[in-house]
Amino acid sequence: NNKTIGDGIYMIQSRGTETLVVDVANHSNSSGANLQLAYKENSKHQFYEIKHVGGGYYTIKNSGSGKYMDVLNGAAANQTNVQQKDYNGNSAQKWQILRLGDSVCFVPQCATAYCLDIQNSGTTAGTNVQIYEANLKTSQKFKLLSGKMNEIFSDVNGHVTLVDDKV
């Protein structure tokens, strides 16, 4: 068994800031829609169904759109965009999830020397999600917040937190 995390529904929080998670731009349901950082909110588009599909790889399906996290054209190059796309089962939609202490790193099957990455180590809403050569800096580290959508609540600043935030 080469599973590194349990199958489940997760928010993918940037380690660069506790207030931002991976989201679909404009909460789009379209194939090809961009992934970017956004403030946590009660949106299905900020939750991902992560499922082990064998060989140490996972698919990452957006709970709002039903589309899968996908490396644009399956390219293995710095700053290649990450989008959501209809399921096709190819290597651009399969990811290894590596544990790094209390964080995880996502490695696409199509580009195993690269990791999911926050462009320019950005810490603002709207920052692009891409792949970049593995360097394991903060921009490539994420925390998986598990739970169901009805288990989140807003704090006094309007940011939301999950009741259960274990990897």
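Predicted model: local features only at pLDDT ≥ 70, side-chain atom pairs only at ≥ 80, totals over all residues.
**View 1. Strand 7 and its antiparallel partners, strands 6 and 11.** Strand 7, residues 80–85, is joined to strand 6, residues 68–71, by four bridges, and the two run antiparallel. Within this pairing, Lys 85 of strand 7 stands opposite Tyr 68. Strand 7 also runs antiparallel to strand 11, residues 129–133, to which two bridges connect it. For Asn 81, the bridge partner in strand 11 is Gln 130.

View 2. Leu 116 lies in strand 10, which spans residues 114–118, and because its relative accessibility is 0%, it counts as buried. When residues up to four places away in sequence are not counted, Leu 116 touches Met 69, Val 82, Trp 95, Phe 106, Val 129, Gln 130, Ile 131, Ser 139, Gln 140 and Phe 142. The C-alpha atoms of Leu 116 and Leu 136, which are 20 residues apart in sequence, lie 9.9 Å apart in space.

**View 3. The largest nonpolar core, with a focus on Ile 50.** The largest nonpolar core has 30 residues, and those touching the most other members are Ile 12, Ile 50, Trp 95 and Phe 106. In soluble globular proteins, nonpolar side chains tend to be buried together. With neighbours within four places in sequence left aside, the contacts of Ile 50 are Ile 5, Asp 7, Gly 8, Tyr 10, Tyr 58, Thr 59, Ile 60, Ile 97 and Leu 144.

**View 4. Ser 14 in strand 1.** Strand 1, made up of residues 8–14, contains Ser 14, a residue that counts as buried because its relative accessibility is 1%, whereas the cut-off for buried is under 20%. The side chain of Ser 14 reaches the backbone nitrogen of Gly 16 at a distance of 3.0 Å. Apart from residues up to four places away in sequence, Ser 14 touches Leu 20, Leu 37, Ile 118, Lys 141 and Phe 142.

**View 5. Tyr 39 in strand 3.** Tyr 39 belongs to strand 3, which covers residues 35–39. Its relative accessibility is 41%, so Tyr 39 counts as partly exposed, a class that lies between buried, under 20%, and exposed, over 50%. Although Tyr 39 and Thr 19 are 20 residues apart along the chain, their C-alpha atoms are separated by 5.7 Å.

Definitions and conventions
Residues numbered from 1 in each chain as written. Heavy atoms only, no water. Buried < 20%, exposed > 50% of the residue type's maximum accessible area, 1.4 Å probe, protein only. Core = buried A, V, L, I, M, F, W, Y, C linked by side-chain atoms within 4.5 Å. Contact = heavy atoms within 4.5 Å. Polar contact = N/O pair within 3.5 Å; in protein donor to acceptor, adjacent residues only side chain to side chain. Pairing = 2+ DSSP bridges.
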